[in-house]
Amino acid sequence: MIVLLIVLRILHVLGGVFWVGAALAMNLFINPSLRATAESGQKVTAHLITQTKFALALIVSSAATVLAGTWLYWIDSNGFAYGWMNTATGITFGVGGLFAFVGWGTGFVLSSTGKAMGQLAGQIRGAPTPDQQAQLAVLGRRQVNFSTINLASLTIATVLMAVARFL
């Protein structure tokens, strides 16, 4: 059992570090830079989404984090037993897990939005047409809105996970 716990904790922590770190970097630095650099940013977006494994790495790391975390919660709670889940630690892990699930769900919306932006950016030659500009604006607003929810959810989940054992 101890080996299983160690493996799950490693998957949960390393997956979470990559997932939340990537979300922070993307939301706070990379996306604003891509938007500010217009045509050059569109090329980088197209490359990042269509030519690298970045999206796949986020999907794998987030899935590993959520699945390992859910399994650890099941083990800690002795099969989701109400008594443990109703303790301060159980509640904090549970609420943190809910925020992680919100972050996971918004991540899928962001992934599809990023893919659409990358494909559209790959089609643009020179200045975008008015139709392409309109499509980019809609996708950009969706990305900003869901990025805000994603970043807030993952940050809250991370903080709650970090403090839960001490409550």
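I'll start with Asn150, which is found in helix 6, residues 130–163. Helices here are DSSP runs of H or I with at least four residues, strands are runs of E with at least two, and both are numbered from the N terminus. This is a predicted model, in which local features need pLDDT of at least 70, side-chain atom pairs count only at pLDDT 80 or more, and totals for chains, interfaces and linings use all residues. Residues are numbered from 1 along each chain as its sequence is written, and side-chain values use heavy atoms, with hydrogens and water left out.

Is Asn150 buried or exposed? Asn150 counts as buried, because its relative accessibility is 4%. The cut-offs are under 20% relative accessible area for buried, over 50% for exposed, and partly exposed in between, with a 1.4 Å probe and protein chains only. Leaving aside residues up to four places away in sequence, Asn150 touches Ala23, Asn27, Gly103, Thr106, Gly107 and Leu110; contact means heavy atoms within 4.5 Å.

Now the whole chain. Of the 167 residues, 34% are buried. Among contacts with a separation of 6 or more, 79% are between residues 24 or more positions apart.

The protein exposes about 9600 Å², and carbon and sulfur atoms supply 73% of that; the areas come from the Shrake-Rupley method with a 1.4 Å probe, and for residues only the protein chains shown count as cover. Ile2, Val3, Ile6, Val7, Ile10, Leu11 and Leu14 make a nonpolar surface patch of about 670 Å². Patch residues have over 30% relative accessible area and no salt bridge, with nonpolar side chains (Val, Leu, Ile, Met, Phe, Trp, Tyr) joined within 5 Å and like charges within 9 Å. A salt bridge is a side-chain nitrogen of Lys or Arg within 4 Å of a carboxyl oxygen of Asp or Glu. Leu14 lies in helix 1, residues 2–36, and counts as exposed because its relative accessibility is 56%.

Last, the aromatics. The whole structure holds five aromatic pairs. Trp84 and Phe93 have ring centres 6.4 Å apart and planes at 20°, so this pair is stacked. Rings of Phe, Tyr and Trp (its six-membered ring) pair if their centres lie within 6.5 Å; planes under 30 degrees apart are stacked, over 60 edge-to-face, and the rest tilted. Trp84 is partly exposed at 22% relative accessibility, whereas Phe93 is buried at 12%. Ring pairs link Tyr73, Phe80, Trp84 and Phe93 into a cluster.
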